[in-house]
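This report describes selected features of one protein chain. Please keep the sequence and the structure in view while reading.

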Amino acid sequence: MPKTKVCEPEFKKKNGVRWLLRQMGICPNAYYNHKKNRKAGYRQKKEKFKNKILQIYHEYSGNPGYRMRRVYLLRAKISLSNTSVLKYMQELGIQSTVTPKKPTYKKGDCYKKFENHLNTQ
C-alpha cells in the first residue's frame with residue numbers, strides 16, 4: 001500500500017486543520033499567527049526605528065554609541081530602551097567609533113637627573 005501525503009486536501013476535509021497540524025508537528029498558535037500575519041505592524045515599526053538609527057549614524061559620522069543614540073531618538077519622539085537600540089545596531093551591523101583615552105599623568109621620579117654644576121640653590 002503506497003504512503004499518502006498528509007498535506008493532501010482530502011485529509012484536510014476528512015480530519016480538519018488541527019489533525020493536520022498535529023501530524024506535521026506544528027503548534028496551532030503558530031499556524032494561526034502566520035495566517036493572520038500579526039507581526040506586520042511590528043516589522044514596519046522596527047524598520048522605521050532602524051532607518052532612524054541609521055540616519056543618526058550617518059549624521060554624526062558614527063561617533064555616538066547606543067546610549068547617546070537613544071537620547072537622539074528620544075528627541076525625535078521615539079522611545080526605545082538601551083538594549084533595543086543596541087540590538088537594532090547589531091542587526092544593522094553598525095558600531096560607534098571609540099576614541100582612545102589619553103594616558104593619565106603619573107607623578108613620580110624624573111627619568112634623568114643631572115647634578116647641579118651651576119651651584120644654584
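Ser61 is found in the loop between helix 4 and helix 5; helices here are DSSP runs of H or I with at least four residues, strands are runs of E with at least two, and both are numbered from the N terminus. The model is predicted, so local features need pLDDT of at least 70 and side-chain atom pairs count only at pLDDT 80 or more, while totals for chains, interfaces and linings use all residues. Residues are numbered from 1 along each chain as its sequence is written, and side-chain values use heavy atoms, with hydrogens and water left out.

**Two loop residues**

The phi angle of Ser61 is near 60°, a positive value in a residue other than glycine. Lys77, in the loop between helix 5 and helix 6 (82-92), also has a positive phi, near 65°, and is likewise a residue other than glycine. Ser61 counts as exposed at 56% relative accessibility, and Lys77 is exposed with a relative accessible area of 77%. Accessibility is computed with a 1.4 Å probe on protein chains only: buried means under 20% relative accessible area, exposed over 50%, and partly exposed in between.

**Aromatic pairs**

How many aromatic pairs does a search of the whole structure find? The search finds 3. Rings of Phe, Tyr and Trp (its six-membered ring) pair if their centres lie within 6.5 Å; planes under 30 degrees apart count as stacked, over 60 as edge-to-face and the rest as tilted. Two of these pairs are set out below.

| Pair | Centre to centre | Angle between planes | Arrangement |
|---|---|---|---|
| Tyr31 and Tyr32 | 5.0 Å | 70° | edge-to-face |
| Tyr60 and Tyr72 | 4.4 Å | 5° | stacked |

Tyr60 is partly exposed at 31% relative accessibility, whereas Tyr72 is buried at 16%. In the other pair, Tyr31 is partly exposed at 24%, and Tyr32 is partly exposed at 30%.

**The packing of helix 4 and helix 5**

Helix 4 and helix 5 pack at an angle of about 115°, with their axes 10 Å apart. Axes are lines fitted to C-alpha atoms, for helices over the stretch in contact, and angles run from 0 to 180 degrees between N-to-C directions. Helix 4 is therefore roughly perpendicular to helix 5, since angles of 65 to 115 degrees count as roughly perpendicular, under 35 as roughly parallel, over 145 as roughly antiparallel and the rest as oblique. On the side of helix 4, the contact (heavy atoms within 4.5 Å) is made by Lys52, Ile53, Ile56 and Tyr57, and on the side of helix 5 by Arg69, Tyr72 and Leu73.

**The nonpolar core**

Tyr72 also belongs to the largest nonpolar core, which has 11 residues, including Phe49, Ile53, Leu73, Val85 and Met89. Such a core is a set of buried Ala, Val, Leu, Ile, Met, Phe, Trp, Tyr and Cys residues joined through side-chain atoms within 4.5 Å. Helix 4, helix 5 and helix 6 are the elements that give two or more residues to this core.

Not counting residues up to four places away in sequence, Val85 touches Ile53, Tyr66, Arg69, Arg70, Leu73 and Leu80. The C-alpha atom of Val85 is separated by 8.7 Å from that of Lys50, 35 residues apart along the chain. Lys50 lies in helix 4 and counts as buried at 12% relative accessibility.
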